[in-house]
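Please keep the structure in view while reading.

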Amino acid sequence: MVCPSLTGRIALAFLSLVLTACNSDGDRADTKQPPPSEDKVQQDTQPDAFTFGAVSDAEPGSQQVSNAITITGINTSTDISVNGGEFSINDGPFQNSTGTVNSGDSVVLRLIASADYGATVTATLTVGGISAEFRVTTKAESTNNEDTVKVDVNLNMRHTVGGESVFDRRKFINIHASNTEQDWVGNNSQSAGAPNEDPDLMTNFLEGYDVYLGRDTGGMKWQLSLLPEDPSRPGFIDETAAKSNGGGARWNYTTGTSTGAQLARYHEHRATDMVVGGQQHPYWPNGDDTGMGWSFSTADSEEEPFGTAVGHYMANFLYEYFNRGAGDTYGQPKPVFLEVMNEPLYDLVDFPSDKDKGTTPEEVFKFHNAVADAVRAFRDPWDQAVHDNVLIGGYTVAFPDFEKNDFNRWEERDKLFIDIAGEKMDFLSLHFYDFPDIEGKRKLRRGSNLEATFDMLEQYTLMATGERMPFLISEFGATVHSMMNQPWSPERDGYKLRAFNGLMMNILERPDQILKSIPFITVKAEWGRQSETVPYTNRLMRQKKEADTESGDSWVYTELVKFYQLWAEVKGTRVDSWASDLDVQVNAYVDGATAYIVLNNLEEETSILDLATLGTGANPLQEVTVKELSYNDDGIPVLSETTLEQLPEKITLKPEATLVLQLNYKENITLDEENSETKYYADKYKQPIEAKSKLQFAISNVEVSDEGEAILRLGIGRDHGKSLTPSVTINGHKVSVPEDYQGYDQYYDGKGRDQFFGVIEIPVAIEYLTKDNAVEIKFPDDGGYVSTTTLQVFSTSSAINRGVR
């Protein structure tokens, strides 16, 4: 055995001490932090990695929802936040504030896609320090005419606007005629002249196509021409004569045995909400002969305001010549609407005759008040007011060009009418016409221009009178100036049909606001014929010989009957519908086991539709009938009808064409979901635009639901070339402003409207809204006005994902 040296022994001793300190006394070294007990687990707030699928080919400005991810890998609550979007936990409400999640929670993201084509927006979700992006890229801008438009129809979701959801054919499907017009039967025998080719024209048209009667502006004038002057009250009708003539008219209507009288009574259920109205001549008191050698009083005093004599006659006409209600068995149904005068400013202000000598809009509007006062003051022999059931309105504007002369037209006419007569009018009477070819220009109303016009009237009447005044659209259609003073042609009718359908689809968006709308189609209108070869242009009927390929004097339909044939079956309850392109107008209705989907193309190019019909569950589709109104290369309207077993994957919507799809299901469609639409208006309107200066609006008392959609609508009137895409925030949230708007390019290569006036529709996430909302708008350039700022809120009973396939 070899013993260690002294030095070695000292080293070993030192090593032993070190080892003893590190090992044998180790427990005592941690006495301040004892080991955790076996029943306490260390907290973990960092989740496992997660990912969101990217979305491509999204519609610009559309709302997009991510796939759901499940939080794993944590054992306690941890923070969650989002940048650039909103998140929802376990199908709860979407939010963009900081929150907490637990293991097993499900999370989805939501964002608004860019308003630009081919652009990407990103929302980043961060959970416990772990992040992932949800990327949405919009589709590339199409360079061809067959870009697919997504159309969704939720057949089980009732769409209610201001309490209205039923397609009222009496209100929307009617003709500018009455049941007593001789045009229906007056020339129906060889002895009386040219016959109708269809001897049962009135019945087959009204009942066969389910059409109602709309407006009569000739009957009141005819009856006036038979009345003498009151010998003791110059300038007023003889009331005794009116009573006698009116009694005879009521008796003849009820007891007459002629074919016309019998048909009038048979179809009077289609004339229960008629419009009657006056013309400028002889109603404007200027010395015009009423027909019996006298004229209306021109007095203008406190006791007899200018127009009182006219109102006195209209009041007597409504009482003496129509059925008086309960207990009365004689006379035709009393009109519901009285228009004081038809398009008065055109003749009396813009282009007065020597006799008229011109007047001012203010005097015309005061005349409206005097007429309304006289009608409402009328009493029957028992001193009872009898015209409370008649609605009185005006001023029956022909050209509501509010933006003209930097909105001076609005200030000097339409606003002035509301200020002067708004309190005494029950409705605003309006005429809307497309001018597809006027002096080489294309000036259309259908689309965004009509929307801006409606919105301005709605908002200002609400501000001026405390409530939105309802609208009566007593004429709408098209005037083709380049084809005026010409013989009848199917091409000209085609322009009118395009306008009827496009304007109709805009009108249908306001079922709560529209009292009645009448496409301007008369029966034969021989009173408007200019010569043997130049007839009136807006006619349901023509003589066969007017067509190049036909001969004979008998009366047959013009192309305008195709409007009624196209819409003949549409009825029911309105349901939710949506299109990814504003230029594809869509409306849908459900009636029992049948759905009707109406699609109209505002584009002059073909649109390819990807249509999804949702909400029918296991209810099988039995048959599809497709009615198509389109136009051939010569502009001639073509109405076709086909029957299919199923909806095709893609639907072709031709340029400016209209489709009515009738879907027949095996069982009744259940309406178990709701979409309630409400419109809110800002605190001010018609604000001038200054470059880079904020326009601020408040929209208050908004009811916000957990689910739904919202559209911020900006009415804009500006010179062409000015920006239509301002920077917009609502409650501090920046929203994407689409570059597209409904309808054609109003500039139209310099051959369109004189300036832009339309509505820009901006999608807004429902979560951005509160009861009281602040809107800020900033344009990069000067000029023009923001005419209106309104908010459409669609409160739905369940979430809707648009365009998901």
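Helices α11 and α12 pack at an angle of about 35°, with their axes 9 Å apart; axes are lines fitted to C-alpha atoms, for helices over the stretch in contact, and angles run from 0 to 180 degrees between N-to-C directions. This is a predicted model, in which local features need pLDDT of at least 70 and side-chain atom pairs count only at pLDDT 80 or more, while totals for chains, interfaces and linings use all residues. Residues are numbered from 1 along each chain as its sequence is written, and side-chain values use heavy atoms, with hydrogens and water left out. Helices (H or I, at least four residues) and strands (E, at least two) are DSSP runs, numbered from the N terminus.

The crossing of α11 and α12 is right-handed, meaning that the near helix is turned clockwise from the far one by less than a right angle. Pro 361, Glu 362, Phe 365, Lys 366, His 368 and Asn 369 in α11 meet Glu 412, Arg 413, Leu 416, Phe 417, Ile 420 and Ala 421 in α12, where contact means heavy atoms within 4.5 Å. The residues of this contact divide into six nonpolar, two polar and four charged. Here Ala, Val, Leu, Ile, Met, Phe, Trp, Tyr, Cys and Pro count as nonpolar, Asp, Glu, Lys and Arg as charged, and the others, Gly among them, as polar.

Helix α11 covers residues 361–377, and its 17 residues should span 24 Å at 1.5 Å a residue; the end C-alpha atoms are 25 Å apart, which agrees. The expected span is 1.5 Å times one less than the number of residues. Among the buried residues of α11 are Val 364, Phe 367, Ala 370, Val 371 and Val 375, buried being under 20% relative accessible area with a 1.4 Å probe, protein chains only. The partners of the buried α11 residues include α9 (308–320), α10 (344–350) and β16 (391–397).

Elsewhere, five strands form an open, mixed sheet in the order β1-β9-β8-β4-β6; two strands pair if DSSP finds at least two bridges between them. Because β1 (55–58) and β6 (99–101) each have a single partner strand, one side of each is left without a neighbour in the sheet. Strands β1 and β9 (residues 130–138) pair in the parallel sense over two bridges, and Ala 58 stands opposite Thr 138 in β9.

In strand β23 (residues 573–579), seven of its seven residues are buried. Five bridges join β23 to the antiparallel β10 (residues 148–161), with Val 575 as the bridge partner of Arg 158. Strand β23 also pairs with β24 (residues 584–591), antiparallel over three bridges, and the two form a hairpin with four residues between them.

How values were computed. Buried means under 20% relative accessible area, exposed over 50%, partly exposed in between (1.4 Å probe, protein chains only).
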